[in-house]
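Have a look at the fold before reading on.

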Amino acid sequence: ERPVELAPTNKTYWTELSLAYEQIDDYEKSLATMRLAHAAELLTEDADYRRLSVLLVHEGIPLAAAEVLEQGLAARIVQPDEAAYTKVGTAWYMAGETDKAVPALENAARAADTGDAYVRLANLHITRQEWAAAIAALHAGMGRGSLTDEAHANLLMGVALYAQGKFDEAREWLTTAAESERHRAVANDYLTAIEARVAQQRAQ
């Protein structure tokens, strides 16, 4: 704390003090220190903004985390990569601002090398019950390839198609998803629901 008092314009002292507070699990003071440095316009590097955003999320202030990263992106301090946009989108989502989360996750998907970012985007669309957008994102992700959890993507595709009433198509995706032990229970629940809906339609 003493070096900060003696040289309040030295960013290194502020960031080291913040890290010291973090080391003793005093995240409140760690965040306060970084916010003061930010208010004094001392944060000038990509890592500074990312760390501040992480602390804000940790302390339950995701809206401010999203705003800080967007500010850094606009100022071209934060690199516009997949990780940055994913952090922005996740923070907006945690803050309940799903409208703002969508473009951030779209940017993350475009910047990504794999299809996982499109699956995250599809998940958001499903949360918002935007079924067609979810299906489009999933197709884009599958086309990009290198999915960490392909069965999850299959499950989401089945869920979106089910919601659209496209039961035959949904059944195919869900049957494939059910081959995964991790997603079998949910996929089978949807498959059971499809059979019930189909039987109901036939009885009418």
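What follows goes from the overall build to one helix, and then to a single residue further along.

A word on ground rules: this is a predicted model, so local features need pLDDT of at least 70 and side-chain atom pairs count only at pLDDT 80 or more, while totals for chains, interfaces and linings use all residues. Numbering starts from 1 along each chain as its sequence is written, and side-chain values use heavy atoms, with hydrogens and water left out.

**The whole protein**

You're looking at 12 helices and 0 strands (helices are DSSP runs of H or I with at least four residues, strands are E runs of at least two, both numbered from the N terminus). The radius of gyration is 22 Å, well over the 17 Å that the globule rule gives for 204 residues, so the protein is more spread out than a compact globule. That radius is taken over C-alpha atoms, and the rule is 2.2 Å times the number of residues to the power 0.38. A few overall values:

| Property | Value |
|---|---|
| C-alpha span along principal axes | about 80 × 30 × 30 Å |
| Residues that count as buried | 42% of 204 residues |
| Accessible surface | about 11100 Å² |
| Carbon and sulfur share of that surface | 49% |

Buried here means under 20% relative accessible area, exposed over 50%, and partly exposed in between (1.4 Å probe, protein chains only). The surface comes from the Shrake-Rupley method with a 1.4 Å probe. As for contacts (heavy atoms within 4.5 Å), 47% of those with a separation of 6 or more are between residues 24 or more positions apart.

**Helix 2**

Now zoom in on helix 2, residues 11-23. Which of its residues are buried? They are K11, W14, T15, L17, S18 and Y21.

N10 caps the N-terminal end, with a side-chain oxygen 3.0 Å from the backbone nitrogen of T12. Just after helix 2, D25 takes a positive phi of about 65 degrees.

**Over to E150**

E150 lies in helix 10 (residues 150-163). Is E150 buried or exposed? E150 is exposed, at a relative accessible area of 53%. Between E150 and T86 there are 19 Å in space, C-alpha to C-alpha, and the two are 64 residues apart in sequence.

Terms used
The expected span of a helix is 1.5 Å times one less than its number of residues. A polar contact is a pair of N or O atoms within 3.5 Å; within protein, one must be able to donate a hydrogen and the other to accept it, and residues adjacent in sequence count only if both atoms are side-chain atoms.
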